[in-house]
Amino acid sequence: MLDKIKRRFNWTNASVLTLLPIAAFLSVSFYIYYQGIHWMDVGILVSLYTLIGLAVTGGYHRYYAHRAYDCHPIVQLFFLTFGAAALENSVLCWASDHRRHHRYVDHDEDPYSITKGFFWAHMGWVFFDHHTSNDARFENAHDLKKDKLVPWQHKYYLPLAVLFGFGVPFLLGWAVGRPWGGLIWGGLIRQFLTHHTTFLINSAAHWFGKRPYSRQNTARDSWWLAIFSFGEGFHNFHHAFPSDYRNGIRWYHWDPTKWAIRSLSWIKLSWDLRKTPKQSIIQSIERAKSAAQSAIDRYTDPLQLQQRGEKT
Ligand SMILES: [Zn+2]
Ligand SMILES: [Zn+2]
């Protein structure tokens, strides 16, 4: 219940989320003015955006939060180091918040519930601490607390985030004679993009799009969101079947995370890929169709209720 959850304003998170984009756009403007744009700068941005994005979607999300497959410790190490570079907290915090999001979706206990508005779901919730103790926070993540590598990443999250989020791009830039270009494009601009494309899954993917698999919550499928979120835009399917390693299930669905996980399985670096039986998917489509035709649907769609100013 809302009144039982104590929220404290988190000045560190609020400062990072507001100052970082300002620093990124000011520095890139000066850098372009004096140095121009070099394809190497853009190359570093695209490569790191991809690696860090996949560490969040394939690692933080589908592996750690949902256990949708299993993978080799070397892959886990990649997820934990490059995932830290996303500046979205340790995987222990991220996954426990995310499991709470799935369990209580659209209700008060959902940390980024869209029923509190687009901005809250996008980034407003990050401005607050939602828990009084770590025990209360991680009660849904005992498996992660027992993991060999996850507590290590939690302990050294900040140095790992700085090293992989800003040190690596600086070094890559230095290797091609443009250290500041590497830092600004691969560190600051990349950070802005990483943050807001992840955030869009909590906001836009609960706001725009279709609900072909389930109409019991606000999660929606949108192909355009999938394009820059490495496949996470198929969010209605994901909420209906969260332990499936895929989010986009058709062969033409843009889901690079699914392709990366499958490719890893070919070289024995991932295994036990969990897939929802076809029959269950067909049944869920049928159920969603009849719910959509029913007049009752209007009254059970949490987003519509919120827009009409009613409580769920
Ligand atoms: Zn969601
Ligand atoms: Zn999820």
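Which residues does Ser 96 touch, not counting residues up to four places away in sequence? In this predicted model, Ser 96 touches Val 91, Arg 137, Phe 138, Asn 140 and Ala 141, where contact means heavy atoms within 4.5 Å. Ser 96 has its place in helix H4; helices (H or I, at least four residues) and strands (E, at least two) are DSSP runs, numbered from the N terminus. At 0% relative accessibility, Ser 96 counts as buried. Buried denotes under 20% relative accessible area, exposed over 50%, and partly exposed the range in between, with a 1.4 Å probe and protein chains only.

Residues are numbered from 1 along each chain as its sequence is written, and chains are lettered from A and ligands numbered from 1 in the order in which they are written. Because the model is predicted, local features need pLDDT of at least 70 and side-chain atom pairs count only at pLDDT 80 or more, while totals for chains, interfaces and linings use all residues; side-chain values use heavy atoms, with hydrogens and water left out.

Donors are N, O and S atoms within 2.8 Å of the metal (3.2 Å for Na, K and Ca); water is not among the atoms, so sites may look incomplete. Distant parts of the chain are linked by His 101, in helix H4 (residues 91–103), and His 235, in helix H12 (residues 235–240), which are 134 residues apart. Both His 101 and His 235 are buried.

The zinc ion (ligand 2) is coordinated at 2.0 to 2.2 Å by His 61 (NE2), His 66 (NE2), His 98 (NE2), His 102 (NE2) and His 238 (NE2). The sequence spacing of these donor residues is H-x4-H-x31-H-x3-H-x135-H. Since His 61 lies in helix H2 and His 102 in helix H4, the pair ties together parts that are 41 residues apart in sequence. His 61 is buried, with a relative accessible area of 2%, and His 102 counts as buried at 15% relative accessibility.

Charged side chains were considered next. Side chains of opposite charge can pair when their charged atoms come close. A salt bridge is defined as a side-chain nitrogen of Lys or Arg within 4 Å of a carboxyl oxygen of Asp or Glu, and by this rule the count comes to eleven salt bridges. One of them joins the side chains of Arg 8 and Asp 129 (3.6 Å, N to O). This pair links distant parts of the chain, with Arg 8 in strand E1 (residues 8–9) and Asp 129 in strand E3 (residues 128–129), 121 residues apart. Arg 8 counts as exposed at 56% relative accessibility, whereas Asp 129 is partly exposed, with a relative accessible area of 23%.

A salt bridge also forms between the side chains of Asp 143 and Arg 67 (3.3 Å, N to O). Asp 143 lies in helix H7 and Arg 67 in the loop between helix H2 (39–65) and strand E2 (70–71), so the pair ties together parts that are 76 residues apart in sequence. Asp 143 counts as partly exposed at 31% relative accessibility, and Arg 67 counts as partly exposed at 23%.

The side chains of Arg 137 and Asp 97 meet in a salt bridge of 2.9 Å, N to O. Arg 137 belongs to helix H6 (residues 134–137) and Asp 97 to helix H4, 40 residues apart. Both Arg 137 and Asp 97 are buried. A network of salt bridges links Asp 97, Arg 100, Arg 137 and Glu 139.
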